[in-house]
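Subject: Structure handover

Hello,

Here is the structure I promised. Please open it alongside this note; my findings follow below.

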Amino acid sequence: MKSSFWCRSVAKGAVSIAIASVLALPSPGFAQDSPVRVPIDAQGPSTPFPHFWEQTFGSGRAILSLRDEYRQDIDAVHGATDFKSVRFHGIFNDEVGLYDPARKYTNPGQATQAVATDGIYNFSYVDQIYDGLLEHHVRPFVELSFMPKGLAADPNDLHVFWYHPNVSPPADYAKWDDMMAAFARHLIARYGIEEVSTWSFEVWNEPNLDFWGGKPKQATYWELYDHTAKALKAVNARIRVGGPSTAQAAWVGEFLQHCHDNNVPVDFASTHVYGNDDNVNVLHTDAKIPRDKMVPLAVAKVHKEILASPYPNMPLYFSEYNASYANEPNVTDSYFMGPWLASTISQVDGLVQSMSYWDFADVFEEQGVPRTPFYGGFGLIAEDRIQKPAFHAFAMLHKLGDQRIAVANDSILATKTKEGGVALALWNYLPPIGEGDKYTSEPATVGAAKTFELSLKGVPAGAKVTLYRVDGTHGNAIPAFDAMGRPQTPSREQIAELRKAGAASPPESLKLKDGKITVTVPARGLVVLVTSR
């Protein structure tokens, strides 16, 4: 079977060849005539395996971070993954109140007077937002968006999102530059440059789509980026800034060439992709790309573009990714996410410095206020703090070590732990049971199980094994929700029942027998096992 390190070689060859080879691979999750026998040498060669998939998470827009449930969800995800930063839209939205040129203030004993200089900026909510993140042990990954109405060239250029952010370019770049400088000065004054220099400042969001009203899009985005990067760096050169923050893995090569040719500072490249993104727009092919291959192929494409750019060592951040960009209940609410996530991590290892899952919780209002807990929201945690299978998948994969062992199997990710044992992820990937925005109930037969017979060399023959599962009957609240009749607004008692049903299943305690263990993984299931002495 093809090595699970296949994507490292993809970056060195033509993407079209990579696509052809991927489409020729057999689907790994269907019935097999016999168990899969896999030898794993715990003392064999290994490569660094930094946990790039759990460093940053996306979230609902900036103002939502002031909500108590948002902060409780941050604590839950941080406890499971130890993630470092959170990215959201809209720190400059008018609801945050930063840009306030008409504001007046009154000093005791003095007449009302116009606010001077930086006084046209109101940092009250900005401070509450960023203070709240830091108090909950995560940093901001600062997306610089969207346009305050008072700065917009077109105050009516509003995005279709429920909260209608303004996506216009600035009417006056001198005023935009002033706001960027004031923003940077304030953050440094409040948090110190040692802290702020660890943050990433990303210019805008998906300017190649309808989040940017400049025309032509690319040239006007270059102008926005150039002004923003130079204004921030003029305050302090240690501020880390990057872009182009595009959808569909676009523009990265052109962006880096532009920065080089025009001597514009750049510290990282960022872009986005989703498992059901358009194959023509992302990979420029008519071939249908399976959901479990789209993200790896897009990452490989952009990695190759960076290698060919004037900055071949530029860090690459995929600052949004998920299995779906739409609300698909049978995808993002489902235990399908366990094997999809493990497979994606396995394939993109070595090609990207950070990937930000979109997003950590369903405190989220882009399509409006959620009407029901399970509607295909992007988060790891549903409304009312009900954990989804994806939450447990992240918690389980967090247990993997930081050195990867080569294994000739596309459904195993093997690592060494700091304690001298091994941590393995095993999965049984099949496409989702149903796709689209309508929930499809699970049929009686959901696919064949897969059995792995593992021989662990370099591990004590009778070592203890702790085994964690997420699948249709482990860490999955959906059967309980179905049994309730999928109520749109569950009662408090039903919410408590769903939280219990969606909680992680207790781990299993096993032992190696003569250095061997047999594990069966049901269709669309994920298992993580960790050995100890």
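Strand S9 (residues 240–246) runs parallel to strand S10, joined by 4 bridges. Strands pair here if DSSP finds at least two bridges between them. Strands (E, at least two residues) and helices (H or I, at least four) are DSSP runs, numbered from the N terminus. Thr246 stands opposite Thr271 in S10.

This is a predicted model: local features need pLDDT of at least 70, side-chain atom pairs count only at pLDDT 80 or more, and totals for chains, interfaces and linings use all residues. Residues are numbered from 1 along each chain as its sequence is written, and side-chain values use heavy atoms, with hydrogens and water left out.

One side holds Phe268, Ser270, His272 and Tyr274. The other holds Ala269, Thr271 and Val273.

Now the barrel. It closes with 8 strands, in the order S3-S4-S7-S8-S9-S10-S11-S12, with parallel pairing. The twist averages 25° from one strand to the next. S3 (residues 56–58) pairs with S12 (residues 354–357) over 2 bridges, in the parallel sense. Thr56 has Ser356 in S12 as its bridge partner.

Last, two helices. Val252, Gly253 and Leu256 in H8 meet Val302, Glu305 and Ile306 in H10, where contact means heavy atoms within 4.5 Å. By class, this contact has 4 nonpolar, 1 polar and 1 charged residues; Gly counts as polar and Glu as charged, while Val, Leu and Ile are among the nonpolar ones.

Best wishes

Terms used. Axes fitted to C-alpha atoms, helices over the stretch in contact; angles between N-to-C directions. Buried < 20%, exposed > 50% of the residue type's maximum accessible area, 1.4 Å probe, protein only.
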